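Thank you all for coming. I would like to walk you through one model this morning, taking a helix, then the pockets, and then a single residue.

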Amino acid sequence: MKRALLGLIAGLLLILGGSFFASHVQTSDGVTVEDVRIPLQDGSELSAYLYTPENATAANPAPGILAVHGYINSRETQSSFAIEFARRGFVVLALDQSGHGYSTNTAFAAGFGGPAGLAYLRGLPNVDTSRIGLEGHSMGGWTSLAAAMAMPDAYNSVALVGSSTGAPFAAPGTADWPRNLAVIFSRFDEFSTLMWEVEQAADVADSAKLQSVFGTDDTIVPRQLYGDIEAGTARWLTQPNTTHPGDHLSFEATADAVTWMDMTLGAPIMLAVDNQVWHLKEAGTLIALIGAAMFAISLFSALNRVIAFAPSGSVEQSGNGLVVLVAVLVGAALPAVLFFPLTSLGEHIPNLGIFRQNITTQIMAWALGNGLIAGLGLLISRQFGFRLSPGGLISALITFGVLFGISAAISNHLLVDFRFFVVALKPMGSHHWPIFAAYLLPFFMFFYLSNAAATNLFKGYKSFLTQFSVAWLLSAAGITVLMAGIYGYLFANGKLPAFADPLFSIVGMQFVPVLTFTALVTVASWRSARAVLPGALLSALIITWYIVAGQATHI
């Protein structure tokens, strides 16, 4: 109990300290950040963060930039670009594109939200409408291009970061459309074939598709200015040394975007491009994320020791060391082997009107497939670990409610969430709750079956480290090895291995820390309540929340 209470206090301090620090960073240099809503004609709305530098006033309007995140991300993902634009005097609207974050319509609708976002930005009295830039990452680039196509005279410059003109979701680029285009395409971008029809991202300068946009038949020279800014035909290519999602953690990609907007719009405040602070905000939200995990596990453990009434007495170990070893090795390998096949199979699951997020459904298919395998192991061992533990279930519900309340308070008052890179825990909007309810039961089934299988293997060991090692090997080791192999191959060969889907390679990264967290919950549930169900419920509640709040809504 003493350790749980110390963890509870330390977790809360990390949450508050990290969140306040992150909020301070994004509002440094006189920048204010505001949460705004943009109503649409169909009754839905777009959400956005509006970054306003102190130099931007109605009497002295500043240039504006519409900044848009990529697929299955949210407005917070753009903070590295938005913070640095705003510090240099640009008014920045960081949009939740359609069907993402707190935007209540569906994914891909209404030009991804781009035209409405651009119209809103232009309508602000402190924005100079003669100097408007569009910046988008991945699908956010297509959002920017949708705005450029719908309002051809309403912008001056575009920066496509890890994105492209043309198929599958944008109009074809030409030597004079879109106006003043920078292509910031990383050397290890996972989507090189989709975006620019080259097998290796490092070869994008030889892409015939890109050359047609640059108006040349020759290899494009990175950082050489093509065309003319005044005529609107300027073209510029840079190749940061990172991956597709790595653009958000890249000083180089951020500097390139800042440089381009200064070249084409003129930055009101001159700062060196290497004068960047966004990483400090990212450090703050990482500290808060670690604190949130620590807080949840500690609160859950403390509550269990008060109200779960765990049975006393020793627990005998099931099976022998060889059985445990074989089970762990098989259990670790199968989630990795089945990751791409089962997520692909999930595309064909009918939505039934309730499974409204396509990617979440594909993750659900992977989870249920692995849960069934764990269930077979439980049938063989005939040890289902089904002790109801009402007190433990109440502990899980209280922990979820308290953590959600803290995250909502932080988000509402400080305008930050708990995140690092592609891993983000943010409050759900009201439209997310019915979706959360639909996916909760399938994920609960997975966590119960997998946690019961893990507990059967580690419950005879007294050491926390041994118990956690078994739980982690069964849950997270396989996906960790898979991701390490995929990205090791990418960095060595300049492209993904043939079996790896680009999107789900990026999605898969998240499950290394996510499943490490749930392994800790599994062990905490057993040690504090001598029961599987409470930990399974807590994992299902938090991870369903995590996935649903961060995914795109399609239906």
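Predicted model: local features only at pLDDT ≥ 70, side-chain atom pairs only at ≥ 80, totals over all residues.

Let me begin with helix 9, where Val324, Val328, Ala332, Pro335 and Ala336 are buried. These residues lie on the same side of helix 9, because they cover an arc of only 105° around the axis.

What covers the buried residues includes helix 10, at 339–345, and helix 11, at 358–381, together with helix 13, at 433–458, and helix 14, at 464–493. As for its length, helix 9 runs over residues 321–337, which makes 17 residues, and from its first C-alpha to its last it reaches 24 Å, close to the 24 Å expected at 1.5 Å a residue.

Now to the pockets. The largest pocket has a volume of about 910 Å³ and is lined by 36 residues, with Ala293, Met294, Ile297, Phe517 and Leu520 lying nearest its centre. Which element supplies the largest share of that lining? Helix 8 does, with 11 residues, while the elements that each supply at least two residues also include helix 1, strand 10, helix 16 and helix 17. By residue type, the lining of the largest pocket divides into 27 nonpolar, 6 polar and 3 charged.

The second largest pocket has a volume of about 760 Å³. Of the 34 residues that line this second pocket, Gly331, Ala374, Ala453, Leu457 and Leu474 are the closest to its centre. Helix 9, with which I started, is one of the elements that give two or more residues to this lining, and the others are helix 11, helix 13, helix 14 and helix 16. Helix 11 gives the most, with 9 residues, and the lining of the second largest pocket divides into 21 nonpolar, 13 polar and no charged residues.

Is proline 63 buried or exposed? Its relative accessibility is 0%, and therefore proline 63 counts as buried. If we leave aside neighbours within four places in sequence, proline 63 is in contact with Gly89, Phe90, Val91, Asp128, Arg131, Gly266 and Pro268. Histidine 554, by contrast, stands 491 residues from proline 63 along the chain, and their C-alpha atoms are separated by 34 Å.

Note on methods: Residues numbered from 1 in each chain as written. Heavy atoms only, no water. Helix = DSSP H or I, 4+ residues; strand = E, 2+ residues; numbered from the N terminus. Expected span 1.5 Å × (residues − 1). Buried < 20%, exposed > 50% of the residue type's maximum accessible area, 1.4 Å probe, protein only. Arc of directions from axis to C-beta. Contact = heavy atoms within 4.5 Å. 1 Å grid on protein atoms, 1.4 Å probe; cavity = no way out; pocket = protein on both sides within 12 Å on 5 of 7 lines; lining within 4 Å. Points joined across faces, edges and corners; volume = space filled by probe spheres on them. Nonpolar A, V, L, I, M, F, W, Y, C, P; charged D, E, K, R; others polar.
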